[in-house]
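Good morning, and thank you for coming. I shall take one structure and go through it part by part.

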Amino acid sequence: MKTLEIHGSAKNSTIRVGEKLQNLYNYIPTENVVIITDVNVKRFYQNNFPPHPVITIQTGEKIKNLDTVRNIYGKLVELGVDRSTFIVGIGGGIVCDITGFIASTFLRGVKFGFVSTTLLSQVDASVGGKNGVNFKGYKNMIGVFNQPEFVICDLNLLSTLPEKEVLCGLAEIVKHAVIGDADLFQYLEENYQNALALDAVVIERLVYDSVVIKSAIVNKDEKEKGERRKLNFGHTFGHAIEKTTGVRHGEAVSAGMVMASELSVKKRHLQAKDAQRIKNLLRDLKLPISLQADRKTVFDALRKDKKRQGDRINFVLLEDIGKSFVDQISIKELEDVLNDFYYNSE
Ligand SMILES: NC(=O)c1ccc[n+]([C@@H]2O[C@H](COP(=O)([O-])OP(=O)(O)OC[C@H]3O[C@@H](n4cnc5c(N)ncnc54)[C@H](O)[C@@H]3O)[C@@H](O)[C@H]2O)c1
Ligand SMILES: [Zn+2]
């Protein structure tokens with residue numbers, strides 16, 4: 001097991017990569033604990049949960065909303081939760097985002113921790129202290145910044161994860177490598193087959209290195225005023241594609257990263273051969289490098305981007321593999337890239 005610290009403004013959080021769900025009891029009180037999980041995780045791993053009351057939610061982005069939150073608040077009242085109660089989320093990004101929001105708001109906040117059970121949540125969702133739910137079709141519109149006491153990334157739990165979910169996690173790992181770690185990128189190029197096969201040694205390095213990059217960025221800029229924006233690499237185009245095509249987040253981000261690399265080349269920051277390396281790696285990892293989406297709806301989605309300021313958007317560009325920066329790009333320029341992209345992939 002390897003550990004990392006996140007220094008949040010209100011409290012610190014310890015990420016434990018390679019720790020086991022079976023050892024969760026070491027990090028929580030012996031009583032007055034409530035577990036939140038989803039139906040799939042419960043089905044696979046209930047036998048390894050410590051003996052505390054369990055609140056089980058359904059799955060999917062559609063249930064990540066205030067109705068589910070209200071339901072859980074009701075169950076917490078029934079269970080007689082008080083300010084000394086500890087809440088643990090055992091699940092993927094949806095369970096962790098909801099658990100963090102509930103624990104931060106119920107009784108003005110109780111202590112909480114996560115056992116992260118998907119690759120995406122281990123390398124991204126459960127690290128960094130953003131917790132929240134969707135509202136009226138807008139993703140993560142209602143939420144708080146608050147760090148959990150701990151995050152356990154049990155790598156053994158990934159063996160039951162559907163392949164599509166593994167790929168989504170790999171897309172975020174590629175993102176971390178591209179924005180901040182050229183060695184990790186090269187390691188991925190050399191080990192992509194083992195990564196896809198969830199080889200224990202390779203996965204441990206990928207998760208750990210990803211968390212190193214994300215936590216270093218969060219430690220510099222917890223509330224996303226500057227440096228943290230780099231974590232949005234590939235996400236401006238990605239979100240627009242995700243919204244309009246309904247493909248999985250990681251797949252949309254993969255295509256978004258290809259477009260953002262091409263824009264970086266077009267603006268003469270990145271060499272074309274490096275954009276090609278990014279494309280090749282994503283392709284090797286069975287991730288899409290282009291996606292068919294209606295051009296007009298993607299443009300509309302770009303114009304509605306949460307991060308838009310007037311007719312410009314804070315956009316993450318590359319100057320090298322492992323080196324990124326944020327620049328303000330006009331919506332018009334983004335539309336031109338989209339046009340080129342569609343033209344070339346038709
Ligand atoms: N807070 C953040 O900073 C942040 C960052 C990135 C993403 N997110 C959020 O994370 C969410 C996506 O997270 P996700 O990809 O983990 O999705 P998820 O939580 O929906 O999990 C994906 C699927 O895998 C199942 N599952 C979970 N663990 C399993 C296991 N070990 N074995 C078998 N099946 C398992 C789940 O039941 C679900 O069906 C989104 O809502 C996104 O907004 C948050
Ligand atoms: Zn993402």
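Let me begin with helix H8, residues 235-245, which is mostly covered, nine of its 11 residues being buried. What we are looking at is a predicted model. The buried residues of H8 include His235, Phe237, His239, Ile241 and Glu242. Against what do the buried residues of H8 pack? They pack against helix H9 (249-266), helix H11 (295-303) and strand S11 (312-320). After H8 comes Gly246, with a positive phi near 75°.

Let me now step back to the chain as a whole. The protein chain is divided into domain 1, residues 2-160, and domain 2, residues 163-345. The centres of the two domains, taken over C-alpha atoms, are separated by 26 Å. Where they meet, 23 residues of domain 1 are in contact with 24 residues of domain 2. On the domain 1 side, strand S1 (2-7), strand S2 (12-17) and H4 each supply at least two residues. The largest share of that side, five residues, belongs to H4. By type, the residues of the domain 1 side are 12 nonpolar, nine polar and two charged.

I turn next to the nonpolar core. The largest such core has 100 residues, and those that touch the most other members are Leu170, Val174 and Val178. Helix H5 gives the most to this core, with 10 residues. Why does this core lie between domain 1 and domain 2? It lies there because both domains give residues to it. In soluble globular proteins, nonpolar side chains tend to be buried together. As for Val178, its contacts beyond four places in sequence are Phe185, Phe233, Met257, Ile278, Leu318 and Ile321.

Strand S6, residues 111-116, has five of its six residues buried, so S6 is largely enclosed by the rest of the structure. S6 runs parallel to strand S5, residues 86-91, and six bridges join the two. In one of these bridges, Ile90 is partnered by Val115 of S6.

Finally, the ligand. Ligand 1 is surrounded by 28 residues, the closest being Asn40, Gly92, Gly93, Thr118 and Ala125. Two or more residues of this shell come from each of helix H1 (39-45), helix H3 (93-105), helix H4 (119-125), strand S8 (138-145) and helix H5 (163-180). The shell is made up of nine nonpolar, 11 polar and eight charged residues.

Key:
Residues numbered from 1 in each chain as written. Chains lettered and ligands numbered in written order. Predicted model: local features only at pLDDT ≥ 70, side-chain atom pairs only at ≥ 80, totals over all residues. Near = placed C-beta within 6 Å. Helix = DSSP H or I, 4+ residues; strand = E, 2+ residues; numbered from the N terminus. Nonpolar A, V, L, I, M, F, W, Y, C, P; charged D, E, K, R; others polar. Core = buried A, V, L, I, M, F, W, Y, C linked by C-beta atoms within 7 Å. Buried ≥ 20, exposed ≤ 12 C-beta atoms within 10 Å, placed from the backbone. Domains from an automatic or database assignment. Contact = placed C-beta atoms within 7 Å. Pairing = 2+ DSSP bridges.
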